[in-house]
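Please look over the sequence and the model first.

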Amino acid sequence: MARMSPSALRSAFVARYGRPAARAARAPGRVNLIGEHTDYNDGFVLPIAIEQSLWAVAAPRHDDALRVYSDALRDLQTWTLADGPHADAPRWTRYVHGVATLLRRRMPSLDGADLLITGDLPLGGGLSSSAALEGCTALVLCGLAGCELPLEELAAICRSAEHEFAGVPCGLMDQYASLLSRQGCALLLDCRSRRFEHVPCRLDQHALLVVDSGVRHELASGEYAARRRECGEALKLLRRACPRAAALRDVAPADVARCAADESLRRDAGAMRLLARARHVVTENERTLAAAAALRAEDWPELGRLMSASHASLRDDYQVSCAQLDALVERLERCPGVLGARMTGGGFGGCVVALVEVPHAQGLVAQLNCGGDPAAPRPVLRVVPAGGAERCAL
Ligand code: GLA
């Protein structure tokens, strides 16, 4: 991939602001291998960071102003830390503003800055460009303020920025994946304890392909928040069987099955829908732990099988897939060498990730990219597990 060299970052900054940059940081996008819609239920996730990243390049200001230029959007926005962006400023400014505001509460010495955001991570395509934007902004601003915070704390700050300033009630997965991943490994994160393990993911004989469905999702649009609410309601129902459960993490598939067999609930379509949501979460937690074990054992067929089972559960029980994602997964699963495929990320559009045997990968990429095929969607990315966010030399 086209990494941004220090000299390219330096000259892009000078060209934009007419003065030298002082700091730069990179934060990657992510692809979740498995563990979807489990993070906000205190569960397990298994994402990788990818090489495609966003870079933030910055120089300090001493007047409380943030001037931020997005290279990809060719958009310059200016606001003060005290007042924030104008109410009808574009959405992306909220992530930068949120991170800057929360960081300033933590380190009052933080002043204004000129920022340039650049990179090769597709925006809004389900690869967590928002977490990457938050992550590189947070790191570069800490650099300007001369303050080192633990990456776990930065991840929590970035997640709060998303909640409080962008209105997306997301879990912790994307920010952890972007900030704490290690090259060559997937990140198994326990979203309750926040303990994590870097699980080696040796892709010598296998490839991970990411295919964009072309359908854009908007997590703030309501369905995501609706699923979160349904999980809370499902938990209340399940407390009949598991009175001490603090989150769906504490419920076993057998508990859901027992509740679903209850005669008084079977006639209640709403209750059955809630139990289906819970069934997804509790079985997905099991699949995620099994997938981490399969990765450790390099049991690729098992990992592929779990990925496909995850998709079926997201489609049928959690209902966050869509026709285009389902069609892509079905199509991929019929191709030779594909061990498994699933939607990745919040759903309702975005990307599919497929695990493919290397000898078949190139042919498959060519076939999916083939413009003549009306079912062929978008360019395909071949991704590898990359390292998490870092400060960059200038
Ligand atoms: C989005 C959110 C994550 C997670 C996924 C679904 O990416 O940002 O926190 O909930 O959806 O697994």
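Which residues of helix α7 (residues 253–260) are buried?

## Basis

This is a predicted model, in which local features need pLDDT of at least 70, side-chain atom pairs count only at pLDDT 80 or more, and totals for chains, interfaces and linings use all residues. Residues are numbered from 1 along each chain as its sequence is written, and side-chain values use heavy atoms, with hydrogens and water left out.

## Helix α7

Asp255, Val256, Cys259 and Ala260 are the buried residues of α7. Buried means under 20% relative accessible area, exposed over 50% (1.4 Å probe, protein chains only). Helices are DSSP runs of H or I, at least four residues; strands are E runs of at least two, and both are numbered from the N terminus.

Cover for the buried residues includes α6 (223–238), α8 (263–266) and α9 (269–296), with contact meaning heavy atoms within 4.5 Å.

## Helix α5

In helix α5 (residues 173–180), 8 of the 8 residues are buried, so the helix is largely enclosed by the rest of the structure. Its cover includes β1 (23–34), β2 (44–60), α3 (129–145) and α4 (151–166). Strands β6 (185–190) and β7 (196–200) are also among the covering elements.

## Ligand site

A polar side-chain atom of aspartate 174 lies 2.7 Å from a ligand oxygen atom. For arginine 30, a polar side-chain atom lies 3.1 Å from an oxygen atom of the ligand.

Technical notes. A polar contact is a pair of N or O atoms within 3.5 Å; within protein, one must be able to donate a hydrogen and the other to accept it, and residues adjacent in sequence count only if both atoms are side-chain atoms.
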